[in-house]
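Hi everyone, thanks for coming. Let me put the model up on the screen, and then we can walk through it together.

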Amino acid sequence: MKIAEPYFTRVFKPLLFVLLLVPALYYGWGLWQDELGANPLEAVIRGLGDWALRILLLTLLMSPLRRLINWAQALRLRRMLGLYAYFYVVLHLLGYLWFDQFFDWEEIWFDILERPFITIGMVAVVLLTPLALTSTKGMIRRLGKNWKRLHSLVYLISILAVIHFWWMVKLDITEPAIYSLILAVLLGERLFRKLKI
Ligand code: HEM
């Protein structure tokens, strides 16, 4: 599969860029207009968390897409997707710090130590930060082989993100179960390929 090059660079990729911005605009606008239901602040934090996880999984889908449907251009979307995942993670974290904790650092520190799903979420953000910072072409060149090693942390981060969701839910486990299944397929495909070689 191949999208004609001019369409890929001038239409497909910019369109995807704009589409990925829509959830952030939706929550920003919804908050501004007070249209996010009875508990808008929780809706924003949760919604941004959902999108962070979805885009993280979408990033992991790119290299299987190249292999399974022979779509080499998919790899050229990976950096944008990864940075968007980080963007949503940061907004999600900011939502928590602001709307949930009102920037009360003592309370936040206590929460990180006391609630395991917050602890694991925090570890995931801390691990994701160097990946976002080293996603430039210059850093890829400078880090050489270590770049790949560093970026394989994304597998661990996705597992932590899914555990974060499991540990957060109290009753209905449908959503974390669906995300776990998708992640298992994405990681399983890689493991299968590795064992076959
Ligand atoms: C890679 C990092 C992270 C990802 C992918 C992520 C993703 C998610 C997801 C998918 C949810 C569930 C949303 C839903 O209910 O539909 C969630 C909830 C939540 N996350 Fe995160 N998260 C991350 C890091 C963090 C961090 C660092 C914090 C705070 C320190 C945090 C705080 C929360 C809170 C407070 C909730 C909502 C809990 C509630 O409403 O009871 N997350 N997150």
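Let's begin with V90, which is found in helix α3; helices here are DSSP runs of H or I with at least four residues, and strands are E runs of at least two, numbered from the N terminus. A word on the ground rules: this is a predicted model, where local features need pLDDT of at least 70 and side-chain atom pairs count only at pLDDT 80 or more, while totals for chains, interfaces and linings use all residues. Residues are numbered from 1 along each chain as its sequence is written, and side-chain values use heavy atoms, with hydrogens and water left out.

Back to V90: it counts as partly exposed, at 32% relative accessibility. The cut-offs are under 20% relative accessible area for buried, over 50% for exposed and partly exposed in between, with a 1.4 Å probe and protein chains only.

Which protein residues are donors of the iron atom of the ligand? They are H92 and H164, each through NE2, lying 1.9 to 2.0 Å from the iron. A donor is an N, O or S atom within 2.8 Å of the metal (3.2 Å for Na, K and Ca); water is not among the atoms, so sites may look incomplete. The pair links distant parts of the chain, with H92 in α3 (residues 78-100) and H164 in α8 (residues 153-168), 72 residues apart.

The site is octahedral, with angles of 87 to 180 degrees among six donor atoms. For six donors, that label asks for opposite donors over 155 degrees apart and all others between 65 and 115.

H164 is buried, with a relative accessible area of 18%. The side chain of H92, meanwhile, reaches the backbone oxygen of I45 at 2.7 Å. That is a polar contact, a pair of N or O atoms within 3.5 Å; within protein, one must be able to donate a hydrogen and the other to accept it, and residues adjacent in sequence count only if both atoms are side-chain atoms.

Now the ligand's oxygen atoms: R46 has a side-chain N or O atom 2.7 Å from one, and a polar side-chain atom of D50 lies 2.7 Å from an oxygen atom of the ligand.

Finally, the shell around the ligand has 13 nonpolar, four polar and four charged residues. Thanks, and I'm happy to take questions!

How values were computed:
Four donors count as tetrahedral if all angles lie between 85 and 135 degrees; four count as square planar and six as octahedral if opposite donors are over 155 degrees apart and all others between 65 and 115; anything else is irregular. Ala, Val, Leu, Ile, Met, Phe, Trp, Tyr, Cys and Pro count as nonpolar, Asp, Glu, Lys and Arg as charged, and the others, Gly among them, as polar.
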